[in-house]
Amino acid sequence: MTHPVLRLSGLVRTFPSGNKNRTVLKGVSCDFEEGHVYSIVGPSGSGKTTLLALAGGLDAPTSGSVSFRGRDVADIGLAAYRKKHVATVFQSLNLLGYLTAVQNITTAMQITGVRGVSRRRRAAKLLDLLGVDETDRRRRPARLSGGQQQRVAIARALACDVDVLFADEPTGSLDQDTAAEIIEVFQRLAHEEGKCVVIVTHSPQVAAASDEVLHLKRGKLTRR
Amino acid sequence: MNLFKRAWWHLRVKIGRTVLMTGLFGVICTLTLSGFLIQSAAARAAEDAKQRVGAVATMELDINALLEAQGRGDEDGGPTGVDIGSGGDLHRDLADKIGASPVVTGYNYLSEAVAVPTTSAEFYRAVPAPVGVNLDSVAEFFPVNGVRDSEQEIGFRNGTLTLLSGTGITPDASGNQALIEERFAETNGLAVGDVFTLSSGTFNSAASEVMVEFTVTGIYRDEKKSDHQRYTPPGSDPGNTIYSSIDGASRLQGKDPADGGGVIRRATFTLANPDDLDRLKADATTAGADLKVFPLAVNDKQYRTLVGPIGETAGFATVTVWLVSIAGLVIVGLIAASSLRERRTELGVLLSLGESKGRILGQHIVEITACALVAIALAVGLSQALSKGVGDALLSGEVASAAAEAAAEAAEPDKSDTSGGLGTPEAPSVEPVDRLDIQLGTADLVKVGAAGLGTALLATIVPGIGVLRLKPREILSKGD
């Protein structure tokens, strides 16, 4: 029996809100396969980022489980799961302000234990691919435009040799051409390298380029 | 390791914060180390003072204890006109045995007697007694101080008494020897080797009057002048004070020197170290002394005079060390906590990448420790000069204050002086330590290192644990 690379089973996530609890996800279940690009769409506040955080091991569900290749990530350990198997491109990018673009990427590679390649060379190659020029690579995030920061954040996630890549609005700050390039990179990662790419997006362009679109509404996930 | 590289990058890029933290740590470490240095200097000075002046233990009769031992305690507070018998006699032989204790570096004793004139020994009078004065009601007697060694008497030691001819009373003196003042000698035409007689008089109603013959061994001069303007009772005129051997003083008191070597009123023992008092008491008990009746009390006035001001300064330094350490810990802790709050996103990102909490905390510890190490090095360079300057300034204030207090107390009897106000022979006046000998030692470095690094660790770990117990999602976002 083969397992999906990622399985969400009955995920419920509740947050305290005043004296009450607010349930954001109400029993979300879904399988994600390798070699596919998934888009998760839905209105603002529907729980897309929360779902991504649970699937990416950044948070633990109130109930339900996330399994990676048949193993509950709680058993793997959230930190180990994040380190070895998944990477996330955050909506707010979250680059480290005191590091240059290249250092942000090589640091992530060091932490996730990417071996067998020159980290600087790999970082340079990815930044090349995403259109970050030589000068910008040596700059710290505060001196980069929003679009350039987005590219560096994506390069950081791509640099980590992981099985599942999560991206929260990865093309939000990019122009249409660059967004198309990024989508192409995601497709190549999935279709040529067998990765699973899960993208939370409002962009019809990204959704259209995905292999499967999932709709999250009022805490429930449905396939289109 | 990656965390060291990240720490270095952060320290370099955030140079303003790095300098601020290092400067703050530098001030804390410098003040703390200065306090430690003053404390060590004070401790060294105290130890040195102990070795230098030691202490003087005095043994004399506690008459209340004696009466209690005899079952005659006076509930009204003190003996009044009772015969205490020979139980109150402190014997020279006992003092000699105690003086042989290895912790005693020198000892002396005093036997106080009074005598009345005879045909061979008249009073020296600067002004004749006026007609009508009742000579029985005034001090019409010779004060006779039986001593073991006249050279140890405070007057001879501080130069107010000078030997003019002959010799003083020495520890091996036997028989009835006398050291007389030159005014008395001139009045009676006495010279070294001459013999004169004193009468015990009838001061002690229980004993019959005895005549004691003294040989003049020496003549001395007392710098204190006689009053030539008005009548002074002979007992108060410095010209009539006689120093004698213990034998002679004992005989004037009607005591036989063959019985325990004669009686003395008080014995003083100089100790190399004030801490040796317990050993001295043990040796005194072994020698046969009843320490309830003849207690040994330490007069460490010299020691207190020497180290009093520096002790006050060290006390201030101790308070400073504690205040600075606590305030420093709070300030550095607040800065570290604030820094961690500002760097929440960074913590969340590193956690989301899978970095361990220990390594993330380790990076912050490395950063603050680097600042602390530079600050400790700065403190080592600055604190010696600072502690010297501040310490000397504080100390001179304390010395001046102690001098003012001493001057105010001079008119009052010293309660710790067990000599009864006559002055303790072994305790000449001393000047307090008024300079700090600042020396930076390994122990001081270890202490300031522990304080600095301890502050750094505490200031980072406590707030760090608070942040790192959260999940990355909680750190990075406020919920969806």
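Two residues are taken to be in contact if their C-beta atoms, placed from the backbone, lie within 7 Å. In this predicted model, the contact between the two chains takes 26 residues from chain A and 22 residues from chain B. On the side of chain A that touches chain B, helix H1 (48-55), helix H3 (78-84) and helix H4 (101-112) each supply at least two residues, and H4(A) gives the most, with 6 residues. By class, this side of chain A has 13 nonpolar, 10 polar and 3 charged residues.

The packing of H4(A) against helix H1 (residues 2-13) of chain B brings their axes within 11 Å, with a crossing at roughly 155 degrees. Because angles over 145 degrees count as roughly antiparallel, H4(A) is roughly antiparallel to H1(B), and the crossing is left-handed. Gln103(A), Thr107(A), Gln110(A) and Ile111(A) make the contact from H4(A), while Asn2(B), Arg6(B) and Trp9(B) make it from H1(B); by class, these comprise 2 nonpolar, 4 polar and 1 charged residues.

Within chain A, 6 strands form an open sheet of mixed pairing in the order S6-S7-S8-S3-S9-S10. Strand S6 (86-89) and strand S10 (220-223) are the edge strands, each pairing on one side only, and neighbouring strands of the sheet are turned by 20 degrees against each other on average, direction ignored. Strand S3 (residues 37-41) and strand S8 (residues 196-200) of chain A pair in the parallel sense over 4 bridges, and Ser39(A) stands opposite Ile199(A) in S8(A). Helix H8 (residues 176-191) of chain A packs on the sheet, where it touches S3, strand S7 (164-168) and S8 of chain A, and the direction of H8 makes about 145 degrees with that of S8(A).

Conventions:
Residues numbered from 1 in each chain as written. Chains lettered and ligands numbered in written order. Predicted model: local features only at pLDDT ≥ 70, side-chain atom pairs only at ≥ 80, totals over all residues. Nonpolar A, V, L, I, M, F, W, Y, C, P; charged D, E, K, R; others polar. Axes fitted to C-alpha atoms, helices over the stretch in contact; angles between N-to-C directions. Parallel < 35°, antiparallel > 145°, perpendicular 65-115°, else oblique. Left-handed = near helix turned anticlockwise from the far one by under 90°. Pairing = 2+ DSSP bridges.
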